[in-house]
Amino acid sequence: MSLLQSLKARDRVFDFMAPTASPVDVRHGPILYMEDVTVSFDGFKAINNLNLTIDDGELRCIIGPNGAGKTTMMDIITGKTRPTEGSVWFGSRHNLLQMNEPEIASLGVGRKFQKPTVFEALSVFDNLELAMAANKGIFPTLTARMTGEIQDRIDEVLSIIGLTALRFQPAGILSHGQKQWLEIGMLLMQRPRLLLVDEPVAGMTEQEMERTAELLVSLAGKQSVVVVEHDMGFVRSIARKVTVLHQGSVLAEGSMDQVSSDPKVVEVYLGADEEAA
Amino acid sequence: MPNANSASRFWLTRPFGERATQIFLGVLLAALIIVTVLHVAVPRGHALHVNAYTVNLFGKYLSYALLAVAVDLVWGYLGILSLGHGAFFAIGGYAMGMYLMRQIGDRGTYGHPVLPDFMVFLNWESLPWYWHGFDMAWFAFAMVLLAPGLLALVFGFLAFRSRVTGVYLSIITQALTFALMLAFFRNEMGFGGNNGLTDFREILGFNLRSSDTRLGLFLASGVALALGYILCRAIVTSKLGRVCVATRDAEARTRFIGYRVERFQLFVFVVSAMLAGVAGALYVPQVGIINPSEFSPLFSIEIVLWVALGGRATLYGAVIGAILVNYAKTVFTGVMPDAWLFALGALFVLVTVFLPKGVAGLLRHLRRRSSSTSPGEATA
Amino acid sequence: MRRFLFRGLWCALLLSIALGAQAQTGSSTASDEDAQALLEALDVGSYHDKGEAITAILQSDDERARDWLQALLDGRLQRTEEGRFVVVLNNIGRNWPVADALTEEPLGEMSRRDLDRIGINNALRNQLRSAIAVVDLYSPRVERRRLSAERLLGEVDGDLAGLLDTLISEEDDLQVRQRLTQALAIYQTENGELEGVETLKGSLHPRARVALNRAANGDDPIVADAARSALASIEQNLKLNRGVETLYFGLSLGSVLVLAAIGLAITFGVMGVINMAHGELIMLGAYTTWMMQQLLPGQPGLALLLSIPAGFLVAALVGIAIERGVIQFLKGRPLETLLATFGVSLILQQLVRTVISPLNRTVVTPEWMSGSLIINDALSLTLNRMVVLGFALFVFVGLMLIMRRTRLGLEVRAVTQNRAMARAMGIRATRVDILTFALGSGVAGLAGVALSQLTNVGPNLGQNYIIDSFMVVVFGGVGNLWGTLVAGLSLGVINQLLEPWAGAVLAKIIVLVFIILFIQKRPRGLFPQKGRAAEG
């Protein structure tokens, strides 16, 4: 009864009438919201009371020494690791802690691994085709046909990542840098709302690095991008806002200049250097 | 190689566009015709005559080949090494065996109108509930698909949901078939215990001992193999097939681009189990018996060897491997039975160490070499 | 009438024994004629007369009397054609060795056809048994008295009961005294005497329960009540004993599982190598024991002890051969390793079948391992199982020490955690691989040595354990020796607990299904390795 009445109220927007293509609710600004997140492995806290907010369309760099919890943080966002405590929201509607990896991926979270992982036995073309945003159920996949539209999109991405000539080669023969690019290409095919990029320029030449920086910057705005990187030069070249992680929690946050002049950050990095020396 | 032309066809007919499938089907068809002609048209006693025993033997090989294709589908393309596919084969076989048993009717040794001999022997009063319906061919044939499918569904659902993969999965599939073997050995299960089901007489009204029926079963096995092959080929050339390969090589990555890996694994596993069930159902009337030894872990692991020898992830390699190994087995056990296990053991070692891509890989290698040398370029 | 006669006979008999016992030191040897006359009296047609002759023999107090009576009871007291009495020493075959009944001189072999047995009937048999038991109670040899007292449980009647009191008070062996007290109490309970019921309260002997059951259904309500409460407490006690027994069998089965699996816990758990020929390494250990016993005939104990190092060595060498010959080429391809080693297992099995025999071989259990430890009337623990249990724990502790305390253990852990880094630090990874695999294989050989004492040694021995072993390792948690121990023992106990109501096969199926389901729930087993390294 009440449902019928509420249905008549045309001025309201109902969940089931909202467009399903992009269900992420970012009206309140942040696309990712992590609050008081803690993960412990056997008593060791890899993430300790972490609070992090990423705005829609933002490009954010995350830096921190080894073991600061960067990769674990990505594992939590993508559903690979479940935190011991805390909450993680995607937009203001989706609780990521209640979803599994494919659900989170379908929702629009793309991830590039630290070590490039592509499907080596499949061709470059197939890699991109599989990553493409589409109905990823069993029977749609079984009966899927190649259309001109899909072909065009794959060609477009192929030219962006510069692998057009190698389109029918198995991905296994690509060089390390090419694999990195292919993986980024797969992310582009996915059209995610939030891109998590783990050390994208490792093993790349100076030129490739520049192109990657360009690409990431151009993506920001349409999509939110979170980059974890060790290469300070690269971070400086793309970052507007930087977050420093240390021992599983946020140590400092701000522009690159602000952060690099923060005495706590200096101590962490220099202190680590001294220990190592 | 994906080109827009072949990829845009309807998924089930897509394999017909492939060169390899055309060759495979051509060879299979030719073999079926030749054997039939040599059996029927060439007079008995002639050197080229193929007798009923040999036809029967070939029919058995073909059902094994279908089983090997089913195993290759999950192992080659999905990376799941099932050491328990013999269980699905045997269950399909038992479903067929139960039908054949009910067809005997009151002509058994004890002449009971309904109960099979072994139940009369065990002093059973009435038919157990799960034996009902098997007097009807359609029901039994449906069970040939459904029973192994259901087992695979339940087992696979549990296993894939909790992400049991790799060696662990292999070990528990082996434990599964071992447990089933122990269970079927029990008389209380109602499947004839040790002796299993045997003394069959008729299938669909045809006398199982007549050579015409044997030829029919041989041809049916060939057709089933062709259909199973086309189905598997259709699956592996579809986008779903590429998702399977992706899962095999990088399961986590596949998840992170949005595929529910466990559902794909489950789907393919169930399809494979059903094919294995069909193979078992074709096997039983041709050998005339089904007993718990088909559940033995040794048999299941042997199937894997057929696939490994033929060449993993090619499907036709599985067929080659199944026929080669079983032919060798027939020869060996006839000439020097003691040597067979030595040969089989050595085959396991040699294939995995020296021939990881199997016969199919060897063929491809030779072809590539001949095509690269043919233009006249010197190769060392 | 007849009954009365026997009764009289019995009284006279007991009296004579009692008197004889009084003058035990004075036991004598009758002259040959007298003895011949005593025996002649047995060779009569009437069973009644034979009974009297038996009494006469007892009363003669001849020291050969017991032997005669025993021989008579066994049908070995016979008469030759010339009327001589002989005792047949061994009545198997056609020609029997005999000895003269009077002089006890051996007379060589005689054909059974030339001998005439002195027949007895059941009544006489009972009489003889009781008579011998009573005679034995006065024997100076404590073993004989113990055995006799044991036999008297539930066989006492009124006349003997009177005697037992004195016997108990004069007996200095505790065990005999306890048995006699119980025997008396059983008699009293059967006759509805409260005193007996009280004594039987703690007894676990089945005859005590029979007596108490009878008393519980008796007329006297007080005695019946007491008997019922005694029965209840015995039942409780029995349940406890049965529980202990199940636990023991469970632990024993578990120790076998642990032994079979612990080598695998090293090769599979620590190194990550799937060795399907592990079962055959166990088999080789068992065959080494058999071989040792063939080499040292008549000394099964020594052979068994020597088999421990020999079995280890043989299995370890074969293990090294497998590692060098097959596994090293398949590094990082676990499924292929599985197939190749399975091939090796087939070859080893067939090799044993061809070279030795397809049939089972018998391995002798040395004396110090046979028999059982008797805890009480309801509980006895077989020694061989106990030894194997102890051996399993010993092997476990040894392995634990090797992995935790030695350089090899440290290097193994280093190599398995980060191969490249370990090599960079100067650890020779290949050597560590070989040694680790040899260790795991050698332990399989030890398992074989132990198993040869419990099961048949045949070519299929290993096959029967391979699936169980993998299950134990996976159930316990790969890479965790403690997990293997706990998993093996608990699976053994679970199996034994299920067996009484499910039967052996079904219990095994249930355990297998349980593990399959458990692995779905916890893919990393009981004691998973945690942390980042395990996440990959």
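## Nonpolar cores

In this predicted model, the largest nonpolar core runs to 275 residues, and the members that touch the most others are B:A68, B:V69, B:A95, B:V304 and B:L305. Take B:A68 as an example: once its neighbours within four places in sequence are set aside, B:A68 still contacts B:I303, B:W306, B:V307, B:A318, B:V319, B:G321 and B:A322.

There's also a second, separate core, this one of 50 residues, with C:L42, C:A71, C:L72 and C:V156 among its members.

## Where chain B meets chain C

On to the contact between the two chains: chain B puts in 37 residues and chain C puts in 33. On the chain B side, the elements that give two or more residues are helix 6 (137–161), helix 7 (166–185), helix 12 (297–310) and helix 14 (337–354). Helix 7 of chain B gives the most, at 13 residues.

What kinds of residue make up the side of chain B that touches chain C? They split into 28 nonpolar, 6 polar and 3 charged.

## The sheet in chain C

Chain C has an open sheet of 5 strands, ordered 4-3-2-1-5 and paired antiparallel. Strand 4 (106–111) and strand 5 (115–117) of chain C sit at the edges with a single partner strand each, so each has one side without a neighbour in the sheet. From one strand to the next, the twist averages 45°.

Looking at one pairing in there, strand 1 (residues 77–80) and strand 2 (residues 85–88) of chain C run antiparallel to each other over 3 bridges. Opposite C:R79 you'll find C:F85, which belongs to strand 2 of chain C.

Methods: Residues numbered from 1 in each chain as written. Chains lettered and ligands numbered in written order. Predicted model: local features only at pLDDT ≥ 70, side-chain atom pairs only at ≥ 80, totals over all residues. Contact = placed C-beta atoms within 7 Å. Helix = DSSP H or I, 4+ residues; strand = E, 2+ residues; numbered from the N terminus. Nonpolar A, V, L, I, M, F, W, Y, C, P; charged D, E, K, R; others polar. Pairing = 2+ DSSP bridges. Axes fitted to C-alpha atoms, helices over the stretch in contact; angles between N-to-C directions. Core = buried A, V, L, I, M, F, W, Y, C linked by C-beta atoms within 7 Å. Buried ≥ 20, exposed ≤ 12 C-beta atoms within 10 Å, placed from the backbone.
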